[in-house]
Amino acid sequence: MAVILTAFILVSAVRWSVTFNVAAQTCVDESRFEEQVVYLGQQGASYQLRCPHMIVQPQNSSQLKLNWQKDCQQLLNQEGKAYLQFTNLSVEDQGNYTCMQQGNSTASFTVHLIIKESQCSKVPEFKPNGGTTRLWGTVESSVTLNCSALLLWDPEEEQCETALQWTKDGKPLTNHTFCTQNTSSWYPAVGKLMVTSVLVVTLREYDDFGLYSCTVRNISSDFSLEDSISPNHTAAVIAAIILLLCLAVAAVVYVKCHLNIKLWYKNSYGDYELNDGKLYDAYISYVNNDYDRKFVSFILKPHLENKNRYKVHLNDNEILPGSEPSAELLMNISRSRRLIVLLSHAYLEQDWCINNFRQGLLHLLELSQQPILILLEGQSKRMRPEVKQQLSEHQHCLTVLTWKHNSVTPSSVFWKELALAMPRRLNFHSEAAGDPQTLLQDDRDPMLTLNPDYLDCRSDTDPAGDLGLRLPVYKSLACRAPVLPPAPFSTAEPKPPDIDVSDLGSRNYGARSDFYCLFTEEDI
């Protein structure tokens with residue numbers, strides 16, 4: 001009751017306002033007066049206002065010439081026109097428009113133009129709000145789609161769309177054999193209309209699955225109907241995302257810690273360089289000046305020997321002279337598993353390096369398969385272009401390391417790269433004499449063991465052989481000659497030596513300079 005009373009009061013107030021405005025304007029004839037209501041959004045931006053009734057109307061309406069007034073004010077630009085043209089209609093254009101025939105001031109008519117904003121052109125509000133609703137079902141089952149929309153509504157508007165239309169995959173839903181529709185509406189408030197449409201879909205085949213849309217006033221609410229038996233790729237997508245994240249984390253960890261990972265793998269699963277006849281792990285060559293000698297003696301050599309337990313041989317002689325290298329130099333290099341060259345500025349200032357660096361570098365590659373070159377920080381800026389070019393061309397055969405200001409710490413990149421270039425480290429804890437590389441394999445070859453204590457090169461005590469038995473030359477056997485038994489008894493056979501010497505011919509002794517006497521001149 002209160003709502004009806006409020007609406008009656010509003011309508012009465014509007015009509016009284018219009019009557020008051022008409023009476024206040026002297027150019028308006030109340031007997032020739034009417035109202036026209038125009039809704040923005042339905043008429044468009046352009047609108048034509050015509051004079052509805054005239055006392056005198058010529059046969060040809062195009063010859064009709066009128067004068068137009070708005071609220072009793074003459075419209076100068078509209079003289080002689082049969083209608084008013086509004087290119088962009090707005091609320092400000094409403095008012096009293098009076099049309100008078102030219103030459104006959106008594107022939108006039110007034111139109112009260114009312115412009116309202118169309119409620120039927122406003123966007124509806126779907127419940128629930130927006131987005132696509134996903135539903136699952138199986139064949140031979142039914143699924144209910146519930147679409148509700150709140151519409152702004154004006155009963156005075158003639159063209160007001162309030163019906164909900166269903167479509168499937170963008171096409172109108174015309175086949176109602178597999179679905180039923182039930183529509184209802186009510187008014188939750190003044191000027192609002194709630195419309196609900198319930199669509200029950202019976203899934204008979206796989207073509208009935210798809211995208212269903214509920215549309216009103218060119219706005220849609222979508223329902224995605226999917227088969228619940230179809231494979232769900234959510235788990236696969238999540239697994240792929242997790243895998244990509246793990247790969248990204250692994251890539252970041254590898255970039256940050258790739259040297260540590262390589263060192264761990266090498267020390268755990270790398271190959272040992274065994275039975276190669278080498279005495280030293282590295283041969284270091286440098287120029288005998290104050291700076292290079294201090295760097296090698298107080299930094300490089302202590303770290304390799306104390307930290308990594310490598311055996312290092314130092315030599316300040318030139319390993320790349322213009323002439324052929326000496327036999328002693330070749331022997332020392334051949335005894336070492338790696339060749340390290342401190343390629344300092346003083347090293348590059350030698351005569352052979354200035355005159356022919358390419359020949360010296362090729363000679364260096366002949367002496368060692370993978371030599372290690374150590375450059376000092378900032379040295380590359382003062383390096384000659386020829387040296388840079390040769391190092392770049394042979395970079396696949398060289399291991400080039402750069403000593404920087406922060407390389408002093410044992411965990412720096414320099415020491416890690418140097419450890420990767422060196423042989424795998426051996427953790428041999430026995431105090432027995434000999435090369436750990438050979439002792440690890442239980443190799444008891446006297447030619448590959450340093451300072452052997454089981455060799456006895458003394459001459460036979462009875463070269464004439466009157467004892468009837470020659471003693472073995474190895475200390476591992478009994479050193480005393482056995483006493484001959486009486487004549488009736490036979491002589492016992494000697495025990496075979498503990499040392500296996502059957503493969504001496506297949507071993508490599510080219511790198512050794514210490515030879516052992518297995519027999520004396522008197523035995524020849």
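View 1. Trp153 and Tyr187 form a tilted pair, with 5.2 Å from centre to centre and 40 degrees between the planes. Distant parts of the chain are linked by this pair: Trp153 lies in the loop between strand E10 (141–152) and strand E11 (165–168), and Tyr187, 34 residues apart from it, in strand E13 (residues 179–189). Helices (H or I, at least four residues) and strands (E, at least two) are DSSP runs, numbered from the N terminus. Trp153 is partly exposed at 24% relative accessibility, whereas Tyr187 is exposed at 52% (buried means under 20% relative accessible area, exposed over 50%, partly exposed in between; 1.4 Å probe, protein chains only).

**View 2. The pair formed by Trp264 and Tyr269.** The ring planes stand at 80 degrees, with centres 5.7 Å apart, so the pair is edge-to-face. Tyr269 is exposed, with a relative accessible area of 53%.

**View 3. An aromatic cluster.** Phe295, Trp403, Phe414 and Trp415 belong to one cluster.

**View 4. Buried residues of helix H7 (residues 357–367).** Phe357, Gly360, Leu361, His363 and Leu364 are buried. Down the axis of H7, the buried residues fall within an arc of 160 degrees and therefore line one face of the helix; the arc is that of the directions from the helix axis to the C-beta atoms.

**Notes.** Residues are numbered from 1 along each chain as its sequence is written, and side-chain values use heavy atoms, with hydrogens and water left out. In this predicted model, local features need pLDDT of at least 70 and side-chain atom pairs count only at pLDDT 80 or more, while totals for chains, interfaces and linings use all residues.

Key: Phe/Tyr/Trp six-rings, centres within 6.5 Å; stacked < 30°, edge-to-face > 60°.
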